[in-house]
Amino acid sequence: MNTVHAAASTANAVKEDVQQQVSQGMSALDHFTDFLLNHGPDLIYAIIIFFVGRAIARFIKNVVVRFMTHANSDRTVITFISQIVYYAIMAFVVLTALNKIGIPTNSFLAAFGAFGLAVGLALQNNLSNFASGLLILIFKPFKAGDWVSIGGVEGSVKGIQVLNTAIITKDKKTIFIPNSSITSSQVTNSSYLDERLIPFVFDIGYNNDHHKAIAILKDIFKKDKRILNADEMEIGIQEFGDNSVRIAAYPLVASKNFIAVKYDIMSEVKDAFDAQGIDIPYPQRVIYVQYPQEK
């Protein structure tokens with residue numbers, strides 16, 4: 001009898017548990033049904049707003065890319081600006097969709113504002129770098145591929161990033177310079193203009209004929225077709241040095257030919273001066289020793 005009584009008690013407990021779970025499930029289903037009836041249209045509208053808004057954001061992003069590409073903007077600038085435009089529009093779309101289904105967005109805005117303030121205080125330097133990056137992209141003191149000198153670092157600009165600018169040096173090292181350091185430093189851009197002057201200075205001995213040396217230099221410059229101002233180039237004695245007469249010359253070349261022309265001209269001048277007997281003096285000092293006279 002005890003066994004039968006225990007079995008009956010267990011069966012009743014299981015029955016009550018099943019009834020409770022079924023009741024809870026029906027209650028949840030009723031709540032879900034009520035939610036769909038009351039908020040279903042708004043939920044559908046919110047989904048439509050999200051997908052339509054995303055399509056509009058992508059369309060505007062593509063329009064910005066095409067417009068800036070047509071305006072010959074730097075590729076780094078195009079990518080940076082188009083991403084900002086896209087995510088700004090998407091943030092507005094998401095807030096609009098949430099507001100449509102009844103979720104108050106004011107609390108989200110307040111939370112994001114407080115979070116943004118806290119992050120801003122913690123990342124002041126990074127925000128400064130970000131703002132400086134925007135200034136670089138807007139005013140364009142240089143672009144990707146330009147040869148620049150910034151704070152003692154010289155090399156080719158690999159890319160302008162959100163927080164720093166990557167420079168590739170001549171020995172193939174990549175150096176990342178914070179954007180805020182760039183906007184507060186002197187920047188020398190050797191690729192800003194299409195043409196550059198090469199500031200040559202050639203030293204000859206005082207016993208040499210400077211007219212002959214200048215004629216040799218002019219002939220070398222005229223033979224090089226990469227020099228654009230060979231006929232009207234500025235050339236002449238710059239100064240009388242301690243050990244030499246210093247002749248300055250300023251040939252004009254395309255920026256892309258600057259290094260190649262400089263190396264070639266230096267080599268040709270050395271060969272020509274050697275062949276024509278023009279001395280290239282090196283620093284020297286004459287010491288006179290005076291011995292005391294014997295009495």
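Colleague: Which residues make the nonpolar surface patch?
Modeller: Ile44, Tyr45, Ile48, Val52, Ile56, Phe59, Ile60 and Val63, with an area of about 710 Å². Patches are made of residues with over 30% relative accessible area and no salt bridge, where nonpolar side chains (Val, Leu, Ile, Met, Phe, Trp, Tyr) are joined within 5 Å and like charges within 9 Å. A salt bridge puts a side-chain nitrogen of Lys or Arg within 4 Å of a carboxyl oxygen of Asp or Glu. Areas are Shrake-Rupley values with a 1.4 Å probe, and for residues only the protein chains shown count as cover.

Colleague: What should I know about the model itself?
Modeller: It's predicted: local features need pLDDT of at least 70, side-chain atom pairs count only at pLDDT 80 or more, and totals for chains, interfaces and linings use all residues. Residues are numbered from 1 along each chain as its sequence is written, and side-chain values use heavy atoms, leaving out hydrogens and water.

Colleague: OK, back to Tyr45. Where is Tyr45 found?
Modeller: In helix α1, residues 2–70. Helices (H or I, at least four residues) and strands (E, at least two) are DSSP runs, numbered from the N terminus.

Colleague: And is Tyr45 buried, exposed or in between?
Modeller: Partly exposed, because its relative accessible area is 45%; buried means under 20%, exposed over 50%, and partly exposed is what falls in between (1.4 Å probe, protein chains only).

Colleague: New topic: what's the phi of Lys140?
Modeller: Near 50°, a positive value in a residue other than glycine. Most residues other than glycine have a negative phi. Lys140 sits in the loop between α4 (124–139) and β1 (147–150), and is partly exposed at 39%. Lys172 also has a positive phi, near 65°, and lies in the loop between β3 (164–169) and β4 (174–178).

Colleague: Why does Lys172 count as exposed?
Modeller: Because its relative accessibility is 69%.

Colleague: Now Ser156. Which residues is Ser156 in contact with?
Modeller: Leaving aside neighbours within four places in sequence, Gly145, Asp146, Trp147, Ala166, Ile167 and Ile168. Contact here is heavy atoms within 4.5 Å. Ser156 and Ile167 are 11 residues apart in sequence, yet their C-alpha atoms are 5.5 Å apart. Ser156 is in strand β2 (residues 153–160).

Colleague: How do β1 and β2 pair?
Modeller: Antiparallel, over 4 bridges; two strands pair if DSSP finds at least two bridges between them. Trp147 stands opposite Ser156. The two strands form a hairpin with 2 residues between them, and Gly151 in the turn has a positive phi of about 55°.

Colleague: How many bridges join β2 to β3?
Modeller: 5, and those strands run antiparallel.

Colleague: Last one: what's the strand order in the open sheet of 3 strands?
Modeller: β7-β9-β8, with antiparallel pairing. β7 (200–204) and β8 (234–240) are the edge strands, each pairing on one side only. Neighbouring strands are turned by 25° against each other on average, direction ignored. Axes are lines fitted to C-alpha atoms, for helices over the stretch in contact, and angles run from 0 to 180 degrees between N-to-C directions.

Colleague: Which helix packs on that sheet?
Modeller: α6, residues 210–223, touching β7, β8 and β9, with its direction at about 145° to that of β8.
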